Amino acid sequence: MSERGPNKGDKRRERIMTMLKRQGKITIQEIIDALHCSEATARRDLDSLARQGSLIRTIGGAQLDHLPASREIPFHEKKQLLLLEKEAIAAKAAAMVKPGDVVGLTGGTTTYLIAKALKELRGITVVTNAVNIAMELADCDGIQLVLTGGVMRQNSYELCGPLAEKVVEGLNIGIMFAGVDGVTAEQGLTTYSEQEAVIARLMLKRSVSSYAVFDHTKVGRASLFSFAGLDAVSGCVTDRQPEGEVGRYLEERGIPVYVAETAAVP
């Protein structure tokens, strides 16, 4: 009997970390509901994981220790974070695309998943400055692909610089989806790279309609460079209804928010 307790506890804490990696944050109540344990057990597990350096304890829960707003996380590191939420957002965004549309995609993990969802469509054109998105769509017979030139940023695989800017300035985009690193009411849509901010701003200007796509962890966080105010987009596609200042800003200005349904964590 003495050996079963720690084994069960290890498995429980592994499940907590799996949930946390998917969501970015977790509450004690979510742990209780998902794992059918007591509040005291949930708190002890979080305290134990915090001592190991796996997470940061917060009031009523915890968050991952490796998601600082001040550091740009490379694509290959963050592509598995909140994967279920991002896939749901991508599906919601892709459903807004119709045959004949010219679709603009900036770089990013969510826009990459939008590209994967668009592979089922035919008769559309995709404009992107992201090399990985272009490679994902390269073998799709029903999609015309336009890839800007430029110098690639290794963290995001985005092509930037004067060549990319010149190409975008001559394009006409119907519907655009912009990935972001942060969203606030005051700073608007933000990113870590000045060069990426310039391209995103240009793509917005060349689009008939545009949508910011982001998961709930981006709300209330601001990265270094702003590329548009929230009122510059036609709407937002996300996994939770934004709260706080961002939520009030969107509601007061009548900016639509499209909330994707995410499957529950098993």
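This is a predicted model: local features need pLDDT of at least 70, side-chain atom pairs count only at pLDDT 80 or more; totals for chains, interfaces and linings use all residues.

Biologist: How many salt bridges does the count come to?

Modeller: The count comes to nine salt bridges. One of them links the side chains of Asp10 and Arg13, with an N to O distance of 3.1 Å.

Biologist: Where do Asp10 and Arg13 sit relative to each other in helix H1?

Modeller: They are about one helical turn apart, because they lie three residues from each other in H1, which covers residues 4-23.

Biologist: And is Arg13 buried or exposed?

Modeller: Arg13 counts as buried, since its relative accessibility is 18% and the cut-off for buried is under 20%. Asp10, in contrast, is partly exposed, with a relative accessible area of 39%.

Biologist: What about Glu252, which residue does it form a salt bridge with?

Modeller: Glu252 forms one with Arg253, and their closest N and O atoms are 3.6 Å apart. Glu252 is exposed at a relative accessible area of 62%, while Arg253 is partly exposed at 45%.

Biologist: Let us turn to Arg153. Which residue does its side chain meet in a salt bridge?

Modeller: The partner is Glu196, at 2.5 Å from N to O. Both Glu196 and Arg153 are buried.

Biologist: Which parts does the pair of Glu196 and Arg153 tie together?

Modeller: Glu196 belongs to helix H9 (residues 194-205) and Arg153 to strand S7 (residues 151-153), so the pair ties together parts that are 43 residues apart in sequence.

Biologist: Where is Ser193 found?

Modeller: Ser193 is in the loop between strand S11 (188-191) and H9. Its relative accessibility is 5%, so Ser193 counts as buried. The side chains of Ser193 and Arg153 are joined by a polar contact of 3.4 Å. Beyond its neighbours within four places in sequence, Ser193 is in contact with Arg153 and Phe225.

Biologist: You mentioned S11. What is the order of the open sheet of three strands?

Modeller: The order is S10-S11-S13, and the pairing is antiparallel. Strand S10 (182-184) and strand S13 (225-228) are the edge strands, each pairing on one side only. From one strand to the next, the twist averages 35°. S10 and S11 are joined by three bridges, and Gly182 has Thr190 in S11 as its bridge partner.

Biologist: Where does H9 lie?

Modeller: H9 lies across S11 and S13, and runs at about 5° to S13.

Biologist: Changing topic, how many of the five residues of strand S5 are buried?

Modeller: Five of the five residues in S5 (residues 124-128) are buried, so the strand is largely enclosed by the rest of the structure. Ile124, Val126 and Thr128 are on one side, Thr125 and Val127 on the other, and both faces are covered. In general, side chains in a regular strand alternate between the two faces of the sheet.

Biologist: Which strands does S5 pair with?

Modeller: Strand S4 (residues 102-105) is joined to S5 by four bridges in a parallel arrangement, with Leu105 partnered by Thr128 in S5. S5 also pairs in the parallel sense with strand S6 (residues 143-147), over five bridges. There, the bridge partner of Val126 is Leu145.

Biologist: And which helices make β-α-β units with these strands?

Modeller: Helix H6 (residues 109-118) makes a right-handed unit with S4 and S5. Helix H7 (residues 131-137) makes a right-handed unit with S5 and S6.

Definitions and conventions: Residues are numbered from 1 along each chain as its sequence is written. Side-chain values use heavy atoms; hydrogens and water are left out. A salt bridge is a side-chain nitrogen of Lys or Arg within 4 Å of a carboxyl oxygen of Asp or Glu. Helices (H or I, at least four residues) and strands (E, at least two) are DSSP runs, numbered from the N terminus. Buried means under 20% relative accessible area, exposed over 50%, partly exposed in between (1.4 Å probe, protein chains only). A polar contact is a pair of N or O atoms within 3.5 Å; within protein, one must be able to donate a hydrogen and the other to accept it, and residues adjacent in sequence count only if both atoms are side-chain atoms. Contact means heavy atoms within 4.5 Å. Two strands pair if DSSP finds at least two bridges between them. Axes are lines fitted to C-alpha atoms, for helices over the stretch in contact, and angles run from 0 to 180 degrees between N-to-C directions. A crossover is right-handed if, with the strands pointing away from the viewer, the path from the first strand over the helix to the second runs clockwise.
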